[in-house]
Amino acid sequence: MALYKKETLEDPESENKTYSNYTLKRETEFCCDLFKTFCKKFTVWNYEQGKFTIVNKITYEGHSVQSIDFCPFCGEKIEYADENSKIKKKKTKSF
């Protein structure tokens, strides 16, 4: 499970505008060691989308990325969860 924390921050370049930043938490559980090692070596987390990504296209101007929902190594579905909503779910659990 990819556990992230969503933060809404003020945009320093625009007045009264904000943007979201998704930070991957250390408590993230990887489905396989290959994906975990890959993530340590390469930047695959997209802070703007809150998902793992792969490079889709490379041009002279830069590159574009594609978000992924499945591990590229073992094929397991990647579950994404906001740390804040996970805490709220625990508090509202009833018996």
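Colleague: Which residues form a nonpolar patch on the surface?

Modeller: In this predicted model, the patch consists of Val55, Ile58 and Val65. Together these residues have about 280 Å² of accessible area.

Colleague: What is the bridge partner of valine 55 in strand 5?

Modeller: The partner is valine 65, which is also a member of the surface patch.

Colleague: How many bridges join strand 4 to strand 5?

Modeller: Six bridges connect strand 4 (residues 51–59) with strand 5 (residues 62–67), and the two run antiparallel. They form a hairpin, with two residues between the strands.

Colleague: What is the order of the strands in the open sheet?

Modeller: The order is 3-4-5, with antiparallel pairing across the three strands. Strand 3 (45–46) and strand 5 stand at the edges with a single partner strand each, so one side of each has no neighbour in the sheet.

Colleague: Back to strand 4. Is threonine 53 buried or exposed?

Modeller: Threonine 53, which is found in strand 4, has a relative accessible area of 7% and is therefore buried. Leaving aside neighbours within four places in sequence, threonine 53 is in contact with Val44, Asn46, Val65, Gln66, Ser67 and Ile68.

Colleague: What does phenylalanine 52 touch?

Modeller: Not counting residues up to four places away in sequence, phenylalanine 52 touches Ala2, Leu24, Phe30, Phe35, Cys39, Val44, Trp45, Gln66, Ser67, Ile68, Ile78 and Tyr80. Phe52 also belongs to the largest nonpolar core.

Colleague: How many residues does that largest nonpolar core have?

Modeller: The core has 12 residues. They are Ala2, Tyr4, Tyr22, Cys32, Phe35, Cys39, Val44, Trp45, Phe52, Ile68, Cys71 and Ile78.

Colleague: Which elements give two or more residues to it?

Modeller: Those elements are strand 1 (2–10) and helix 1 (33–41).

Colleague: Changing topic: how many salt bridges does a search of the whole structure find?

Modeller: The search finds two. One of them joins lysine 25 to glutamate 83, with the closest N and O atoms 4.0 Å apart. Lysine 25 lies in the loop between strand 2 (18–24) and helix 1, while glutamate 83 is in helix 2 (residues 83–91), so this pair ties together parts that are 58 residues apart in sequence.

Colleague: Last item. Where is methionine 1 found, and how far apart in space are methionine 1 and tyrosine 80?

Modeller: Methionine 1 is in the segment before strand 1. From C-alpha to C-alpha, methionine 1 and tyrosine 80 are 5.9 Å apart, although 79 residues apart in sequence. Methionine 1 has a relative accessible area of 40%, so it is partly exposed.

Terms used: Residues are numbered from 1 along each chain as its sequence is written. This is a predicted model: local features need pLDDT of at least 70, side-chain atom pairs count only at pLDDT 80 or more; totals for chains, interfaces and linings use all residues. Side-chain values use heavy atoms; hydrogens and water are left out. A nonpolar core is a set of buried Ala, Val, Leu, Ile, Met, Phe, Trp, Tyr and Cys residues joined through side-chain atoms within 4.5 Å. Buried means under 20% relative accessible area, exposed over 50%, partly exposed in between (1.4 Å probe, protein chains only). Helices (H or I, at least four residues) and strands (E, at least two) are DSSP runs, numbered from the N terminus. Contact means heavy atoms within 4.5 Å. Two strands pair if DSSP finds at least two bridges between them. Patches are made of residues with over 30% relative accessible area and no salt bridge: like charges are joined within 9 Å, nonpolar side chains (Val, Leu, Ile, Met, Phe, Trp, Tyr) within 5 Å. Accessible areas come from the Shrake-Rupley method with a 1.4 Å probe; for residues, only the protein chains shown count as cover. A salt bridge is a side-chain nitrogen of Lys or Arg within 4 Å of a carboxyl oxygen of Asp or Glu.
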